[in-house]
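Here is a friendly tour of a few local features, to be read with the model open beside you. Please have a look at the structure first.

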Amino acid sequence: MDMTYLGSHIRMVKSPQNEFKYVYISLYAFIKGFDQCRPIVVVDGSHLKSYYTGTFVSASTLDGAGHILPLAYGVIDSENDASWTWFFEQFKEAYGERESMCIVSDRNESIIKSVSRVYPTVPHFSCIWHLWNNVYKKFKKSHSKLSEIYFSMAKAYTQAEFDSLMEKVEKVDIKVKEYLELAGYEKWARLYAPVNRGWTMTSNIVELINAALVSARELPIYDLLEEVRKMFGRWNCSNRKEALQTYTTLGKKYQEMLTLNEAMSTRMTVVPLTEYLHTVNDEGRHYTVCLLERKCSCGRFQVDELPCSHAWAVLKSKFLMPEDYCSEYYKPKSVVMTYEVPVYPLPDRKERNIPAHIADGVVLSPKWKRPPGRPKKKRDKSFIELLQKKNQHSCSICGQEGHNKRTCRNVPHRN
C-alpha cells in the first residue's frame, strides 16, 4: 500500500491474509533537510513491547550543528533479511544515493546483507562501540588496557598514529590485533574509511531515539507512529529556532571545535613556503599546511573539514577568515535550510483526503504470541552505560562513592 502525503514517502505491506507486516515513513521535512547534511546514515532497530511484538526501526543523521535529524522510521516484524532489505529499498526510493554516502550500524547480520544488496557501492561501517563489545566479551583479561588504545586507534588521523597504537595492542594481546584485522580496518578505523565518516563513529544517535521512545513503544502501532511524528516535530521546531538565532561562524558543535583550535594555535609559529603552502612549528614538531587543498599533515583539517590548530595559525598569519575553509554543511545558513520545511500536523480524521483504494483497504492485526516471562518496562542499557556502571564503586554501608566499607568514615559511633 503506497501513500504520499505532502511529499512524504509512506509505504505499508500486508500479508496475503491482510495482516499488517511492515510500515515505512520518511516525512517531507526530513527528505528536504537531508540535502543540507553530510550523507552519513545511521540505522538501528529496537523491540516493541506492545501487543504487537515487532521491531521499531529508524535511520538518522546529524545536522550542521550536531543535532539529530531523523530520516526514516517504521515498524517491521523482526530484524531479518527480508524486512531490512525492504526498509533499505524504501529508503533508497525516498533519498536515492548521494556521492560519498555511507551507512553506520551495529554488526547485525541482516543489516549487513541488506545494505550490500540495496546499496552495493555504498560503504557500510560498524559502530565502534558494538565492535568493542565483541572484543570485551572475547578477551576480558585485556579489556582495561585495550579500551583507551582501541578507541584512540579508531579515531586516529594519521597512519603513524594508527601503527603506533596497533603495536601497543599487539604487545598486550596479539589475538586482539588479529581479531581487529579480521573485522576489517576499513569497517571501524576512520583512517581506512573510503569516504569521510567524520565524527559519526557509533550508532548512538539512533539509540538516543530509541531511549526517548521507551514508553511509546508500549503503545499500539498507530499511536506509536503518531508519538514518533510529534516528537520529531518538536525536535524540528527547536532546532530551526536555534539555527535562526545562531550568529557564530558555524553551528554549535563545530563552532566549539573551531574555537578550541584557535586557542591552541596561539603558541605556534608559521613559516611560509609558497602562497598556499606553509610549515607550522608546534612545540618542536613541524606540520605542513596546504590551504589550496585544505589539508594538514596532522590529518584533522581534511577529516574534520574545518581549520585545525595548525591551519588556524596560518590563516591568522595571512589575515584570512576561517569560514572560507569550513564545510558548507556546518554553516548556520545550511542548518536553517535543513529545517526550512516543518513537520506538518495531521488533519482531523474526518478532514483527511484519503484515496478510496486506501480508505477501503482492510488491515488486520498480525498474529501474536505472548513471549515468555514478565514484559520489560525498562529499556535494555547500552554497552557504554553498563561499562560506566561497572566502573562505579560505592560503599555498602553509606552508599557513597569513592571508598568501601573498610575505609568508611560515615559509620555511626556506638555509645
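## Loops, a helix pair and buried residues

Asn 18 sits in the loop between strand 2 (9–14) and strand 3 (20–26); helices (H or I, at least four residues) and strands (E, at least two) are DSSP runs, numbered from the N terminus. This is a predicted model, in which local features need pLDDT of at least 70 and side-chain atom pairs count only at pLDDT 80 or more, while totals for chains, interfaces and linings use all residues. Residues are numbered from 1 along each chain as its sequence is written, and side-chain values use heavy atoms, with hydrogens and water left out.

The phi of Asn 18 is near 65 degrees, a positive value in a residue other than glycine. Ser 100 also has a positive phi, of about 65 degrees, and is not a glycine. Ser 100 belongs to the loop between helix 2 and strand 7 (102–105).

The table gives relative accessible areas for several residues. Buried means under 20%, exposed over 50%, and partly exposed in between (1.4 Å probe, protein chains only).

| Residue | Relative accessible area | Class |
|---|---|---|
| Asn 18 | 31% | partly exposed |
| Ser 100 | 42% | partly exposed |
| Cys 102 | 0% | buried |
| Thr 200 | 12% | buried |
| Thr 202 | 16% | buried |
| Cys 326 | 2% | buried |

How many disulfides does a search of the whole structure find? The search finds zero, a disulfide being a pair of cysteine sulfur atoms within 2.5 Å.

Now to the threonines. Thr 200 lies in the loop between helix 8 (185–188) and helix 9 (204–212), and Thr 202 is in the loop between helix 8 and helix 9 too. Contact means heavy atoms within 4.5 Å. Not counting residues up to four places away in sequence, Thr 200 touches Ile 40, Val 42, Leu 62 and Val 104. With neighbours within four places set aside, Thr 202 is in contact with Val 42, Val 104, Cys 127, Ile 128 and Trp 129. Thr 202 and Leu 131, 71 residues apart in sequence, are 9.8 Å apart in space, C-alpha to C-alpha.

Finally, the helix pair. The axes of helix 2 (residues 81–95) and helix 3 (residues 109–118) come within 8 Å and cross at roughly 40 degrees; axes are lines fitted to C-alpha atoms, for helices over the stretch in contact, and angles run from 0 to 180 degrees between N-to-C directions. Helix 2 and helix 3 are therefore oblique to each other (under 35 degrees is roughly parallel, over 145 roughly antiparallel, 65 to 115 roughly perpendicular, and the rest oblique).
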